[in-house]
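Below are my notes as numbered points, to be read with the model open beside them.

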Amino acid sequence: QALQSRMQEMQESLAALEVTGAAAAGRVRIVMSGKGEIRRVTIDPALLAPGEAELLEDLIAVAAADAKAKADAEAKARMGELTGGLPLPPGFQLPF
């Protein structure tokens, strides 16, 4: 039961966590929660020029992937702290 309580706390902290993914040297930024929910997208106005739509689409995808990777890494680190050496089988993931 203590583990369940700590798991709930971790889930809440991940929901509150914000990570920023970026592309094009920060000209496209996406802020995402630790649970992978996109909260904000910031685009340098210079990228909004006519004919740049395809480039902008690619940069948004790169920034989203960067933010997701950071959120996943933070979630994994927090899960490691929570399970603290529990001998979990390979591929086993919490929460249950």
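1. Arg6 sits in helix α1, residues 2-16; helices here are DSSP runs of H or I with at least four residues, strands are runs of E with at least two, and both are numbered from the N terminus. At 41% relative accessibility, Arg6 counts as partly exposed. The classes are buried for under 20% relative accessible area, exposed for over 50%, and partly exposed in between, with a 1.4 Å probe and protein chains only. Leaving aside residues up to four places away in sequence, Arg6 touches Glu81 and Leu82, a contact being heavy atoms within 4.5 Å. The C-alpha atoms of Arg6 and Leu82 are separated by 7.2 Å, although the two are 76 residues apart along the chain.

2. A word on what you are looking at, before going further. This is a predicted model, so local features need pLDDT of at least 70 and side-chain atom pairs count only at pLDDT 80 or more, while totals for chains, interfaces and linings use all residues. Residues are numbered from 1 along each chain as its sequence is written, and side-chain values use heavy atoms, with hydrogens and water left out.

3. Met10 is also placed in helix α1. Is Met10 buried or exposed? Its relative accessibility is 7%, so Met10 counts as buried. Apart from residues up to four places away in sequence, Met10 touches Arg78, Met79 and Leu82.

4. The geometry of α1 checks out. Its 15 residues should span 21 Å at 1.5 Å a residue, and the end C-alpha atoms are 21 Å apart, which agrees; the expected span is 1.5 Å times one less than the number of residues. Met7, Met10, Gln11 and Leu14 are buried in α1. These four cover an arc of only 100° around the axis, so they are on the same side of α1; the arc is taken from the directions from the helix axis to the C-beta atoms. Ala2 and Ala16, on the other side of α1, are exposed.

5. Now for the sheet. Three strands form an open sheet in the order β1-β2-β3, with antiparallel pairing; two strands pair if DSSP finds at least two bridges between them. The edge strands are β1 (18-23) and β3 (38-43), each of which pairs on one side only. Neighbouring strands of this sheet are turned by 15° against each other on average, direction ignored. For that angle, axes are lines fitted to C-alpha atoms, for helices over the stretch in contact, and angles run from 0 to 180 degrees between N-to-C directions.

6. How many bridges pair β1 with β2? There are 6 bridges between β1 and β2 (residues 28-33), in the antiparallel sense. Among the partners, Ala22 is bridged to Arg29 in β2, and Glu18 to Ser33. The hairpin of β1 and β2 has 4 residues between the strands, and Ala24 takes a positive phi near 55° there.

7. On the other flank, β2 and β3 run antiparallel and are joined by 5 bridges. Val31 stands opposite Arg40 in β3. These two strands also form a hairpin with 4 residues between them, where Gly36 in the turn has a positive phi of about 90°.

8. Ser33 belongs to strand β2 and is buried, with a relative accessible area of 0%. Which residues does Ser33 touch, not counting those up to four places away in sequence? They are Leu14, Ala15, Leu17, Arg39 and Ala71.

9. Finally, the chain as a whole. It has 2 helices and 3 strands, in the pattern α-β-β-β-α along the sequence. Of its 96 residues, 26% are buried. Among contacts with a separation of 6 or more, 49% come from residues 24 or more positions apart. The accessible surface comes to about 6200 Å², 56% of it belonging to carbon and sulfur atoms; such areas come from the Shrake-Rupley method with a 1.4 Å probe, and for residues only the protein chains shown count as cover.
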